[in-house]
Amino acid sequence: MKVTYISVDIEASGPTPGRYSMLSIGTCVVGDTDRAFYVEIQPISNNYVESAMKIACLHLDCLPDDKRCKPNSPQFSPRFTLLQLRKHGTFAVDAMREFNEWVREVTGDTMPIFASDNPIFDGMFVFWYFDNFYRDKGNPFGHSGLSMNSFVKGLMRDMRSSVKRMKPKPKRTRAHNALADAIYNAQLFQLALDRMRQDRAK
């Protein structure tokens with residue numbers, strides 16, 4: 001069966017789902033990054049780790065133009081930012097429904113493969129949210145995923161390698177925006193897939 005690799009990146013208010021909230025999901029098709037999905041999500045709790053919030057909230061589009069929502073401002077307030085996300089973000093159940101529908105649309109009759117440079121983190125949140133907010137329709141990725149970094153380590157036969165070391169590096173836009181990071185990782189992973197195919201052809 002043919003597969004479609006789906007590059008996924010998320011931003012969250014802390015290290016684990018349930019206690020902390022997934023604040024955004026960015027995803028695209030590897031090899032066709034124009035086919036993309038992005039959503040900013042209402043928090044499910046008031047818990048946060050400030051260092052995580054300073055990363056996760058760098059490029060959230062739904063936040064008001066207020067210094068209390070700007071991680072680089074001395075006036076940054078994680079609590080105020082979570083409150084604004086609760087007002088302007090998408091309900092978690094709607095976000096996961098839209099994500100599920102997008103995955104099924106872009107993959108058609110192929111098998112969707114969850115791919116991330118850090119699937120322990122990204123996959124943990126995505127799979128937990130599917131299980132808790134869209135269980136009836138299920139997780140379109142099943143119970144597994146692909147580590148881009150592990151793939152590159154095997155490809156290069158070097159445990160120090162990672163997907164970020166693939167060259168030539170594509171142009172990067174907004175770091176720590178879930179969609180921008182998903183697209184950047186997808187472009188790097190495509191280089192790794194091309195390298196694998198070239199090696200096979202030799």
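The model is predicted, so local features were taken at pLDDT of at least 70 and side-chain atom pairs at pLDDT 80 or more, while totals for chains, interfaces and linings use all residues. Residues are numbered from 1 along each chain as its sequence is written, and side-chain values use heavy atoms, without hydrogens and water.

In soluble globular proteins, nonpolar side chains tend to be buried together. A nonpolar core is here a set of buried Ala, Val, Leu, Ile, Met, Phe, Trp, Tyr and Cys residues joined through side-chain atoms within 4.5 Å. Buried means under 20% relative accessible area, exposed over 50%, and partly exposed in between (1.4 Å probe, protein chains only). The largest nonpolar core has 24 residues. Met 22, Ile 25, Met 96, Phe 99 and Val 126 touch the most other members. At least two residues of this core come from each of β1, β2 (22–29), β3 (32–40), α3 (92–107) and α4. Helix α3 gives the most, with seven residues. Helices (H or I, at least four residues) and strands (E, at least two) are DSSP runs, numbered from the N terminus. A second, separate core holds 17 residues, including Leu 146, Met 148, Val 163 and Ala 192.

Contact means heavy atoms within 4.5 Å. Neighbours within four places in sequence aside, Met 22 is in contact with Ile 10, Glu 11, Ala 12, Ile 41, Met 96, Phe 125, Val 126 and Tyr 129. Helix α2 (residues 78–88) has buried residues of its own: Pro 78, Phe 80, Thr 81, Leu 82, Gln 84 and Leu 85. Their cover includes β2 and α1.

The whole structure contains 12 aromatic pairs. Rings of Phe, Tyr and Trp (its six-membered ring) pair if their centres lie within 6.5 Å; planes under 30 degrees apart count as stacked, over 60 as edge-to-face and the rest as tilted. Phe 99 and Phe 130 are stacked, because their ring centres are 5.6 Å apart and their planes lie at 20°. This pair links distant parts of the chain, with Phe 99 in helix α3 and Phe 130 in helix α4, 31 residues apart. Both Phe 99 and Phe 130 are buried. One aromatic cluster is formed by Phe 37, Phe 99, Trp 102, Phe 114, Phe 127, Phe 130 and Phe 141.

A pocket is an open set of points on a 1 Å grid over the protein atoms alone, where a 1.4 Å probe fits, with protein on both sides within 12 Å along at least five of seven lines; lining residues have an atom within 4 Å of a point. Grid points are joined across faces, edges and corners, and a volume is the space filled by probe spheres set on the points. The largest pocket holds about 220 Å³. Of its 14 lining residues, Ile 10, Glu 11, Ile 55, Phe 121 and His 176 lie nearest its centre. Strand β1 supplies the largest share of this lining, four residues. The second largest pocket holds about 150 Å³. Its lining includes Cys 57, His 59, Asp 61 and Lys 70.

Most residues other than glycine have a negative phi, and most peptide bonds are trans. The bond from Lys 167 to Pro 168 is cis, with omega near 0°. Pro 168 sits in the loop between α5 (148–156) and α6 (178–201). Arg 157 has a positive phi, near 55°, and is exposed at 79% relative accessible area. His 176 has a positive phi of about 70° and is partly exposed, at 33% relative accessibility.
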